Amino acid sequence: FGVVVGLAFAIAAAAALTILGRRTGRGWRLLSFIALGLVVVEFLPGNIHTIDAQAEPPWIAWLASAPRGIVATYPVPVGGRPGAAALSETDFWYQRFDGDPRFGPYGLEREARDVGIRLAAANLAEPVAASVLATEGVRYVVVHTDVYRHDGHRVPRIDPARFTRLAQFGPVSIYSVHAPKVNIDAALHAKALEIAAREGLQPLPADYVAGFQAEEPLGLSMGRWLIQDGWLDVDSGRAGEEIMIEGSAFANGKPRRLEVEDTTGRILARTTIPTGSVALHLGPFALRAGTTRFVLVARPGAAPISSSDPRPASVFLADLSVMPLPAYVTSSRLPPK
């Protein structure tokens, strides 16, 4: 349609210039030359980028001669990688030469489950990536180390226990996949936070209603001491939205068990917090429309922070955030209203 519209404009312009050129008077006769000059000026300053539409890179020629199979190309276009984005587009075009379907996210709707599966396999250095590829029937993995470096990212280590190199063409390597298969839903659940970050989801607003000391700095982090029965209210615009509570934490003086409860006292999640700082990942939890209240409980309870700081405290929660999850990551833990 765009080509037809462009041709129509060109024909209309040619007809108009022809009519104007036939008019009497020196000014009208010069108009067509002026228009031509404007076109020349329009094109001269720019650098018109062209590609050879028939060019067939050596790795594509290799794929074309190999048995048919799904191809996964790396790096994948996540996290604002311009080189990976351009690679995804050109690789989509190369299918016309090798005839192999692609595993990449090109053309898929954002926040669809198929995109989540591809995001779970975005980092080739992780064992789960190879298992996801094997489960999804990927036969060939094409790794462009030059594109990784172009985007300023480290080239992942390819585990020979899960991948076998079949061919190499300069910075481009082709591997087969022979990793154990995995339950895709379990993989999505395990990678939920990373998938949410790669989807570009933003933390939800949360209010510390009661049971916490005031916010304070600790090193490079900001956090709060939980006293006991800390009320954390999370606002959501739609029922069923799923979240995870993440950050880091350490216990005051001795290890404590941290529990997340609903307002009826039902335990939704629990974890042990040592006296040294550890990563905190609680959830996933499903929210109701409006405000959902979570109650944070420490066992044993609060004690003075130190001899010089008599404030009661149990667990220090640093950089706490409430991260929404994509809709395809499910949870059965729904706090009652």
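Colleague: A cavity is a set of points on a 1 Å grid over the protein atoms alone where a 1.4 Å probe fits but cannot get out. How many cavities of 30 Å³ or more are there in the whole structure?

Modeller: This is a predicted model, in which local features need pLDDT of at least 70, side-chain atom pairs count only at pLDDT 80 or more, and totals for chains, interfaces and linings use all residues. Residues are numbered from 1 along each chain as its sequence is written, and side-chain values use heavy atoms, without hydrogens and water. Searching the whole structure for cavities of 30 Å³ or more gives a count of two.

Colleague: What is the volume of the largest cavity?

Modeller: Grid points are joined across faces, edges and corners, and the volume is the space filled by probe spheres set on the points. For the largest cavity this comes to about 40 Å³.

Colleague: Which strand gives the most to the lining of the largest cavity?

Modeller: Lining residues have an atom within 4 Å of a point; here they include A72, T73, Y74, F103 and R118. Strands are DSSP runs (E, at least two residues), numbered from the N terminus. With three residues, the largest share comes from residues 70-74, strand 1.

Colleague: Which residues line the second largest cavity?

Modeller: The volume of the second largest cavity is about 40 Å³. Its lining is made up of V76, V78, P105, V115, R118 and L119.

Colleague: What is the mean pLDDT of the protein chain?

Modeller: pLDDT is the predictor's confidence in each residue, from 0 to 100. A value of 70 or more is reached by 91% of the residues, and the chain mean is 87.

Note on methods. 1 Å grid on protein atoms, 1.4 Å probe; cavity = no way out; pocket = protein on both sides within 12 Å on 5 of 7 lines; lining within 4 Å. Helix = DSSP H or I, 4+ residues; strand = E, 2+ residues; numbered from the N terminus.
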